[in-house]
Amino acid sequence: MTKEKIQKIIQEKVYLTPFIDTHEHLCEESERLEKSGNDDCWMDMLRPYLGDDLISAGLSMNDFERTWLPETPLSEKWNIISPYWNFVKNTGYTKAILISLKKLYDVDNISYDNLELIQQKYLELKKKGFYKTILRNFANVKSCQVNSLAGKLFCETEYPDLLMQDISFVPMFADTDSVLGESIEGFSEPTGIKVNNIDDWYTVIDWYFEKYGKDAVAVKSQNAYNREMNYERVPKEKAAPIFLKRLNKEKMSPDEKKQLEDHLFWYAVDKATEYNLPIKLHTGYFAGANGMPMDRLRNIPGELTAMCINAPKTKFVFMHMTYPYQNELTAIVKHHTNAHASMCWAWIINPIAAKNFLKEFLVTAPASKILTFGGDYGHVEAVVGHAEIARRGITQALTELVDEGWLNIEEVIELIEPIMYKNAERLFSRTI
Ligand SMILES: [Zn+2]
């Protein structure tokens, strides 16, 4: 069979197969519908992550921030961006947006001439039910798993079959998270529990799991943005007096702060494990620009293996392909029963690395332990472009595996449903 023929067969199956999208930051559809006119600008889609590339290419943060303001006219927004556009139009971040614009609004590129037209089409498509239309009809996504950034630990969604929800568990153990950086008082307030010591704090954590544990699909932490991932099992005797210091707003040393976080991290992880909720962890590359500590990232693979050993019953999902340590991730998932690889966000960070990762993973580790898609976007529109890049990459990886003689066509066809949705269905069904 020629390579073209192999590709055609695989492509057909990959494009017909829906994804379970295992990571998004979508707000509720009704929140989007409430925004109108200039308050909801299509260019907001560029903020994550294309904006990071623009800043890397030299656009100043101050100028970029002006493109977020509703009062800035579209032409001025484009004035700010366009000098840098040619420098970034090659990247996955940009391609995802351009593909979305093409598929949703039938525009081929961005120019002064079509800024208003895109805005008009963007607002036209935004009607009740547009989340479902875009996800199912344009992105062929069956359902999403949402990590809400609405400042709540768990979002009780209006579309529970379409937008499954993660519990954002960072405030249970850390006081550094910018999105959910609640004080002890703020976080315990909805529970009605007065926190006087660490036992009360355990009760608060338990309350959240009791309330949301059965509806959630997983728990999620992006705490790797704030610290190392070397969470140690610190005993309660050590953590309890430090908790009192935090409660009384006394100064904690960096070591004390770490010990308390470590202890509470494991308390929350063990509790999630009782509920059979997988633990999704941000690993690898940082969103944003000019702030990624590569020395810390380098240690992550070792920290992940320590975690797997520390909690053999816990199912870990290591997100973002741990880029640029995806080879290490393959080794971790191959070796540890409780480790799973998620390629969310990865297809647009480095599409070719993602393709090669998938290709190598499938001849290295059990195929049941990989989740191949998560858009990682706040805008549902942008998921369309990301899903297309992922399908291209999956098609290419599988085609190469057959063409190079590693697997035969029947074998790769059999892998498509598991890697695109069945693995996710099984892992997050919480019945295993
Ligand atoms: Zn994310």
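The legends below describe close-up views of a predicted model.

Residues are numbered from 1 along each chain as its sequence is written, and side-chain values use heavy atoms, with hydrogens and water left out. Local features need pLDDT of at least 70 and side-chain atom pairs count only at pLDDT 80 or more, while totals for chains, interfaces and linings use all residues.

**View 1. Overall fold of the protein chain.** The secondary structure comes to 19 helices and eight strands. Helices (H or I, at least four residues) and strands (E, at least two) are DSSP runs, numbered from the N terminus. The C-alpha atoms fill a box of roughly 65 × 55 × 40 Å along the principal axes. The radius of gyration is 22 Å, which agrees with the value near 22 Å for a compact globule of 432 residues. This radius is taken over C-alpha atoms, and the globule rule is 2.2 Å times the number of residues to the power 0.38. Buried residues make up 56% of the 432 residues; buried means under 20% relative accessible area, exposed over 50%, and partly exposed in between (1.4 Å probe, protein chains only). Of the contacts with a separation of 6 or more, 77% are between residues 24 or more positions apart, where contact means heavy atoms within 4.5 Å.

**View 2. The zinc site.** Three residues coordinate the zinc ion at 2.1 Å: His23 through NE2, His25 through NE2 and Asp376 through OD. Along the chain, these donors follow the spacing H-x1-H-x350-D. His25 lies in the loop between β1 (19-24) and α2 (29-34) and Asp376 in the loop between β8 (370-371) and α18 (380-403), so the pair ties together parts that are 351 residues apart in sequence. Donors are N, O and S atoms within 2.8 Å of the metal (3.2 Å for Na, K and Ca); water is not among the atoms, so sites may look incomplete. Both His25 and Asp376 are buried, Asp376 at 4% relative accessibility. Asp376 also has a positive phi of about 65°, although it is not a glycine.

**View 3. The nonpolar cores.** The largest nonpolar core has 136 residues, of which Trp42, Ile167, Phe169, Met172, Met307 and Phe318 touch the most other members. Helix α18 gives the largest share of this core, twelve residues. A second, separate core of nine residues includes Ile20, Tyr421, Leu427 and Phe428. A nonpolar core is a set of buried Ala, Val, Leu, Ile, Met, Phe, Trp, Tyr and Cys residues joined through side-chain atoms within 4.5 Å. Not counting residues up to four places away in sequence, Trp42 touches Leu74, Leu101, Ile110, Leu115, Ile118, Gln119 and Tyr122.

**View 4. The buried side of helix α7.** Within α7 (residues 115-125), Leu115, Ile118, Gln119 and Tyr122 are buried. They cover an arc of only 100° around the axis, which puts them on the same side of α7. The arc is that of the directions from the helix axis to the C-beta atoms. In an α-helix there are 3.6 residues a turn, so residues three or four places apart point the same way. The buried residues of α7 pack against α2, α5 (74-88), α6 and α18.

**View 5. Thr94 in helix α6.** Thr94 is found in α6 (residues 92-105) and is buried, at 0% relative accessibility. A polar atom of its side chain lies 2.6 Å from the backbone oxygen of Val88. Leaving aside neighbours within four places in sequence, Thr94 is in contact with Leu50, Trp85, Val88 and Lys89.

**View 6. Ile389 in helix α18.** Ile389 is part of α18 and is buried, with a relative accessible area of 9%. Beyond its neighbours within four places in sequence, Ile389 is in contact with Gly92, Lys95, Ala96, Ile99, Trp347, Ile348 and Pro351.

View 7. Most residues other than glycine have a negative phi, and most peptide bonds are trans. A cis peptide bond joins Pro48 and Tyr49, with omega about 5°; Tyr49 is in the loop between α2 and α3 (50-56). Another cis peptide bond joins Tyr323 and Pro324, with omega about 5°, and Pro324 is in the loop between β6 (316-318) and α15 (326-335). Asp106, in the loop between α6 and α7, has a positive phi near 55°. Asp106 is exposed, with a relative accessible area of 55%.

Notes:
A polar contact is a pair of N or O atoms within 3.5 Å; within protein, one must be able to donate a hydrogen and the other to accept it, and residues adjacent in sequence count only if both atoms are side-chain atoms.
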